[in-house]
Amino acid sequence: MQRFFDILFSGLALLVLSPLLLPVMLILRLTGEGEVFFIQKRVGLGGKEFGIYKFATMLKNSPNIGPGTVTVRHDPRILPFGRFLRKTKINELPQLINIFIGDMSVVGPRPLVRKGFDAYDETSKKIITSVQPGLSGIGSLVFRNEEEILHNVDDQMDFYYKTVAPYKGQLEQWYSRNKSVFLYFKIIVVTAILVFVPDVGLVFKWFKGLPTPPPELESHLYEKK
């Protein structure tokens, strides 16, 4: 049933959003480094890797510069137009192609690069990869301002791998264990609401029983509440 809705929603979205996507593609081709899409290997269902599509928003060699695959606020690797695309989340829209062809679902655990995925413990890896990765999900909603969170800590890489990644793993496990069509639509609704009311507190109000964030992370999650 979820796959049916994935095909329906992604197909309709690609059709309806084409007047937006085509101009963005043209602007990217004529600016920055001339790249339109950025294709990156991510870990998906069953632990297998696939190529995720995004609009190109950073320097071509960005994974080998600075903090690597972790992006922070005001990251100098982000191109001028790319900053707008990331802020509005338009850079994520090409993943509708991944959804349509079956690499991803509209809702599911956020697929990570291998290095980020390896930050999960073995139990988390097994549970998370038992379901299709998604464009949005519990982890994405709670960490919608991840770049801002990392910007406000001293050792960004250490904080990510020791605090952010383990808690994100707990959230994705929660989704994997509670997966249902009802939860699928509920996450879609909350995703839309957070575009206009960016309050992470709403996530914990709408989804009861989520793992409690560790104290060292909680203040960062709620500081813009």
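In the predicted model, ring pairs join Phe4, Phe5, Phe9, Tyr184 and Phe185 into a cluster. The structure has 13 aromatic pairs by the rule applied here. In one of them, the ring centres of Phe5 and Tyr184 are 6.5 Å apart and the ring planes stand at 35 degrees, so this pair is classed as tilted. Phe5 belongs to helix 1 (residues 2–16) and Tyr184 to helix 10 (residues 181–196); the pair therefore ties together parts that are 179 residues apart in sequence. Phe5 has a relative accessibility of 18% and counts as buried, because the cut-off for this class is under 20%. Tyr184, at 0%, also counts as buried.

Another aromatic pair is formed by Phe37 and Phe55. Their ring centres are 5.7 Å apart and their planes lie at 10 degrees, so the pair is stacked. Since Phe37 is in strand 1 (residues 37–43) and Phe55 is in strand 2, this pair ties together parts that are 18 residues apart in sequence.

With a relative accessibility of 15%, Lys54 counts as buried. The C-alpha atoms of Lys54 and Phe37 are separated by 5.6 Å, and the two residues are 17 residues apart along the chain. Leaving aside residues up to four places away in sequence, Lys54 touches Val36, Phe37, Phe38, Arg42, Asn91, Glu92, Pro94, Gln95 and Arg110.

In soluble globular proteins, nonpolar side chains tend to be buried together. In this model, the largest nonpolar core has 46 residues, of which Ile138, Val142, Phe143 and Phe207 touch the most other members. Helix 9 (residues 156–178) supplies the largest share of this core, eight residues. A second, separate core consists of five residues, among them Val43, Leu112, Tyr120 and Ile128.

Phe143, named above as a member of the largest core, touches Ile149, Val164, Tyr167, Lys168, Leu171, Leu217 and Leu221 when residues up to four places away in sequence are not counted. One of these contacts, Lys168, lies over the face of the Phe143 ring, at 5.4 Å from the ring centre.

Technical notes: Residues are numbered from 1 along each chain as its sequence is written. This is a predicted model: local features need pLDDT of at least 70, side-chain atom pairs count only at pLDDT 80 or more; totals for chains, interfaces and linings use all residues. Side-chain values use heavy atoms; hydrogens and water are left out. Buried means under 20% relative accessible area, exposed over 50%, partly exposed in between (1.4 Å probe, protein chains only). Contact means heavy atoms within 4.5 Å. A nonpolar core is a set of buried Ala, Val, Leu, Ile, Met, Phe, Trp, Tyr and Cys residues joined through side-chain atoms within 4.5 Å. Helices (H or I, at least four residues) and strands (E, at least two) are DSSP runs, numbered from the N terminus. Rings of Phe, Tyr and Trp (its six-membered ring) pair if their centres lie within 6.5 Å; planes under 30 degrees apart count as stacked, over 60 as edge-to-face and the rest as tilted. A charge sits over a ring if NZ of Lys or CZ of Arg is within 6 Å of the ring centre and within 35 degrees of the ring normal.
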